Amino acid sequence: MTSVPDSQSDGSGGFRPSMLLNDTRYRGLTFQFVALVLIIFLVGWLGMNLVSNLAAAGLNISYDFLDEPAGYDINQALIDYSSRSTHLRAALVGVINTLLVAVLGCITATIIGVTAGVLRLSKNWLVARLMSVYVEAFRNVPVLIWILAIGTVVTVSGANPREFLTRGGAVEPNSELILGAFALTNRGFYAPSVLLGPGWIAVLAALVGGIVGALLWRRHVRQTLFKHGKLLPGWPAWAILVLPALVVQLVLTPVSLSMPDVASNNFNIQGGTLIGKPLIALWLALSVYTGAFIAENVRAGILSVSRGQTEAAAALGLRPRRIMNLVVLPQALRVIIPPLISQYLNLTKNSSLAIAVGYADITATLGGITLNQTGRAIESVLLLMLFYLVISLSISAVMNVYNASVALKER
Amino acid sequence: MHRSTFYGVLAATALTAGAAGAATVDDVKERGKLNCGVSTGLTGFSAPNASGDWEGFDVAVCRAVAAAVLGDPNAVEFVPTTGKTRFTSLSSGEIDMLARNTTWTFSRDNDLKFEFAGVNYYDGQGFMVPTGLGVTSAKDLDGATVCVQTGTTTELNLADFFRKNNISYEPVPIETNAEALQQYTAGACDAYTTDASGLAANRATLENPSEHVILPEIISKEPLGPLVRHGDNEWGDIVRWTLNALIAAEEYGVTSANVADMASAPGDSPEINRMLGTEGNLGEMIGLDADWAANAIAAGGNYGELFAKNIGEDTPIGLSRGLNAQWTEGGLLYSPPFR
Ligand SMILES: N[C@@H](CCC(=O)N[C@@H](CS)C(=O)NCC(=O)O)C(=O)O
């Protein structure tokens, strides 16, 4: 630097304080420094105000409330929970519910998004237009509206569970369970639950073995294809996957299904697995909403792969589906993955709208009922922010690792 | 949703330098308007009427306080609050007082740092179910799906009741009364639980009230009353004694019809004279004009008139006085003396 003569200064290359403002080399730094000091003061002032106002109101910051009984019930708890459990436990129930809907949502949103994105480029005019309509309709309406709309549709279209009830055989039900196992009601979807009897480990082991076997078969198929140019059929992989577990199950029958029970209660179907209306509404809404964004990412990704690739693949005689799966999508992934990460983050954060349909996520338990009943607003909100931060950073980290694995490898 | 709570709480606490402790009454006088927190809509207690004016039993308390402090029952800015937002609104200083079917409890008084000015309705929690269910007792609700407003004492009592009786239920947490009612009528829940007065008010607004019954069990004590922030005793006293004036006025036969007359010159009851400011200087003692109580009573009438007009037996809501009768009639209403 010093070897470059400075035309703005007097030529001696020395530093004068006025250069902090006049010299473009230093001006940027000066302003950044001033801004930093201002921000520190602002944050400090807000913080001091907060502390002094809390003190003036006789309030303090304390997390002791997490140890006290929550006192309220939660309609979907995947771990043991009762109203005598602690607020911490209630928060944990909320965390699990948030993760559940986020994971389910990300999976279905990806499936929907990839399908819609690929189909939007379809040569079939009707299909392509339908997908455009889907993408535009869902991207341009706030997700809260979709959550409420889907919740309302389930409430209005589903039958009251009472329609299915026999009240211990006393009355003739108006509706029958589908196959004696499923029912769509205005409170959710009832399905059989899976009971794990003694020996279920054997089924699990057989299943894992099946998966490994299926993967090995696929590798074998690939290798013979590459070595001998012969394409073996793919279906044995499926057979290897399911047969061992099926045989173990048929011989030992450790795993059984428990059907929803329509006889024992006067209000609701009991037993079985209930996928509640709140979960359905939230899950579907988040999936179709985020799916629309993912569809656009996928479309952009596919368009980023040069047409020459498709034409070359076609010239080699590959069928369109294979061109998409083997040539276009793997390359498109490099473009698709980074925005996909932010869609997953969005979906997870949007799940905090859960209370709109009464879904007990972390925002509804810790940030809703607990916050309200204890009045510990600042503590609860800080915890909430910490939780979302950790989740978002974890998703980013995982996806970045995946991104690195599909990124262009330079050799 | 957590974002709005966050800003509401943090920003309000951080930005309003020294809000707590300042004299609310001076703020109100300077503003010329009372900011009063009410519900988002519960017929009979606080709801806007067809022309958009707020009406109801809780609204009347706001108007009485505005009349006592500012001399104008219409100098009120009504702020709708949900069960969730009401306490944040009050503690952040967004509202000067809250009159929203709010139960006086130990932790709200001591932990949340509020000051209850008294009780304007002695209530208890009940259940409403469609008649068609054939349910006659809350104990028959085993396995039922129950709609409940979150952020309320209601949801805690509900958990306790079912636990105590060793029966199960499925809660559907909902933010506002209107939404809860909609879910209930759509059959998304079998029963709706809230304060019995609220159930009566809601039942009256349903399309066919006779198709719904309120079950006999009252599962809790819900003394509902207006509240203010802890720490500003002068303001707390103003709200407390305005409410007492309404109650005492009924006891002494001061009504909206005769209050102007009685306040124009001292009569033969010294207690009424002191209350209406024709004798002594009670108004001065709480920093208000001498005719503060007369204004409060003139705003909408005494307690009995307000009750009859908004929620009484001749309204569609049809609540009887019950516990809310004067102590002289076997009820619990009892204003300390104006002396
Ligand atoms: N008294 C209970 C419940 C109060 C409550 O939420 N009441 C309902 C119905 S009685 C209400 O006022 N709802 C009006 C609204 O949703 O804004 C409490 O203070 O927690």
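Visitor: Which residues lie nearest the centre of the second largest cavity?
Guide: In this predicted model, they are B:Arg100, B:Asn101, B:Gln149, B:Thr194 and B:Asp195, out of 18 lining residues. A cavity is a set of points on a 1 Å grid over the protein atoms alone where a 1.4 Å probe fits but cannot get out, and lining residues have an atom within 4 Å of a point.

Visitor: What volume does the second largest cavity have?
Guide: About 210 Å³, counted as the space filled by probe spheres set on the points, with grid points joined across faces, edges and corners.

Visitor: Why does it lie between domain 1 and domain 2 of chain B?
Guide: Because domain 1 (3–122 + 224–329) and domain 2 (125–220) of chain B both give residues to its lining. The domain bounds come from an automatic or database assignment.

Visitor: Now pockets. How much space lies in the largest pocket?
Guide: About 900 Å³. A pocket is an open set with protein on both sides within 12 Å along at least five of seven lines.

Visitor: Which residues lie nearest the centre of the largest pocket?
Guide: A:Arg218, A:Val221, A:Arg222, A:Arg322 and A:Leu326, among 21 lining residues. Domain 1 (87–158 + 275–406) and domain 2 (194–254) of chain A each supply at least three residues of that lining.

Visitor: How are the numbers and letters set?
Guide: Residues are numbered from 1 along each chain as its sequence is written, and chains are lettered from A in the order in which they are written. Totals for linings use all residues, and side-chain values use heavy atoms, leaving out hydrogens and water.

Conventions:
Predicted model: local features only at pLDDT ≥ 70, side-chain atom pairs only at ≥ 80, totals over all residues.
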